[in-house]
Protein chains: 2
Amino acid sequence: MTTTRISSTDLIATLEDRGCRITSPRRDFIALLERKEGGFSAEELCSELPGVGRATIYRTLKLLLEAGVLCKLAMPDGAPKYTLARFDHHHHAVCVQCGLVTDFRDSTIERLMRAVGSEVPGKVVGHRLEVYMTCQGCLVSPAD
Amino acid sequence: MTTTRISSTDLIATLEDRGCRITSPRRDFIALLERKEGGFSAEELCSELPGVGRATIYRTLKLLLEAGVLCKLAMPDGAPKYTLARFDHHHHAVCVQCGLVTDFRDSTIERLMRAVGSEVPGKVVGHRLEVYMTCQGCLVSPAD
DNA sequence: TGCGTTATTGCGACTCATTCTCAAAACGTC
DNA sequence: GACGTTTTGAGAATGAGTCGCAATAACGCA
């Protein structure tokens, strides 16, 4: 369920399509993203891109978020993490130990939304679902 | 589904049960909570309780959160809101216009969790679900 | 009721994630 | 290559929340 690799070429094309200029900070940012496996934090990116200013990191993050190629999710304590979006509409199962993110799409959730829609007085306009887990790797070898 | 009123007496009893002292800032805080309909922010409480320090507001919020009588939820933009908990384990449908919170409990979500559990490699340890809506009142008279 | 112990308070400084301001630098087009 | 516009980076500002600490107030006991 977590296969599709996203190439930096695709991400650059996404920016071009939105009329953005392809600058070297953006190029570096995207090259780094391409190498990321699971979820990552903004601060992590900042320290891995020492030549790029924090503001630019956050601006680029927001840009890709708006373009729909990144997702922002929250850890149990509310700490934000980002991850590459591989499906159009999907949800995340994030490992609370190592941050690995497994995407999944499930029709049950859509059914659930319809059920809620008929139960609450008003119109459902969206939702957010995060599943927290301990991944196989962390179950086998509890890292920290 | 959003019926049960919680009285300040209950909330005070909750604090007593945890061995907390019933101080006047806490009393004021609880009296204010009792009058709240939907979700509210910490800053809102601060300005409505001018005699009580910010730190105390946040400490009391945390206390009641730990006691399980309050829930913390996130708006679509990530802004935090708090709401009184009326069920043990439940989810929220929050109006993105006025902040009204409707609680619901749905067995579909528990089914969903089991489905995800068998799909992702690892052990599901928790989840977070927020449903965003426009409530009946806001549909009828779009306030702002 | 009066006291002492201990929890709680409030202030202000601090953190963390993120946004804003604005002058300087970099793009892409002509 | 020149030029207009978009981006950038440094640092100040913001919002949510926490922390340290001296002053204060609850509660149990006599």
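A salt bridge here is a side-chain nitrogen of Lys or Arg within 4 Å of a carboxyl oxygen of Asp or Glu. With that rule in hand, I looked across the interface of chain A and chain B and found 0 salt bridges.

Before going on, I noted that this is a predicted model, in which local features need pLDDT of at least 70, side-chain atom pairs count only at pLDDT 80 or more, and totals for chains, interfaces and linings use all residues. Residues are numbered from 1 along each chain as its sequence is written, chains are lettered from A and ligands numbered from 1 in the order in which they are written, and side-chain values use heavy atoms, with hydrogens and water left out.

**Entry: chain A against chain B**

I looked up polar contacts next (N or O atoms within 3.5 Å; within protein, one must be able to donate a hydrogen and the other to accept it, and residues adjacent in sequence count only if both atoms are side-chain atoms). Between the two chains, 16 residue pairs are in polar contact, both residues at pLDDT 80 or more.

Contact (heavy atoms within 4.5 Å) takes in 36 residues from chain A and 36 residues from chain B. For buried area I used the accessible area (1.4 Å probe) that two parts lose on being put together, summed over both. Chain A and chain B bury about 2,800 Å² between them, with 66% of it on carbon and sulfur atoms. A:Leu112, A:Arg128 and A:Tyr132 supply 22% of the area that chain A buries against chain B, more than any other three residues.

**Entry: the paired strands**

Helices (H or I, at least four residues) and strands (E, at least two) are DSSP runs, numbered from the N terminus; two strands pair if DSSP finds at least two bridges between them. I found strand 5 of chain A pairing with strand 5 (residues 122-135) of chain B in the antiparallel sense, over 13 bridges. A:Tyr132 has B:Gly126 as its bridge partner.

**Entry: DNA strand D**

A:Arg21 places a polar side-chain atom 2.7 Å from a base oxygen of DNA strand D. The side chain of A:Thr56 has an N or O atom 2.8 Å from a phosphate oxygen of DNA strand D. Helix 4 of chain B gives the largest share of this surface, 5 residues.
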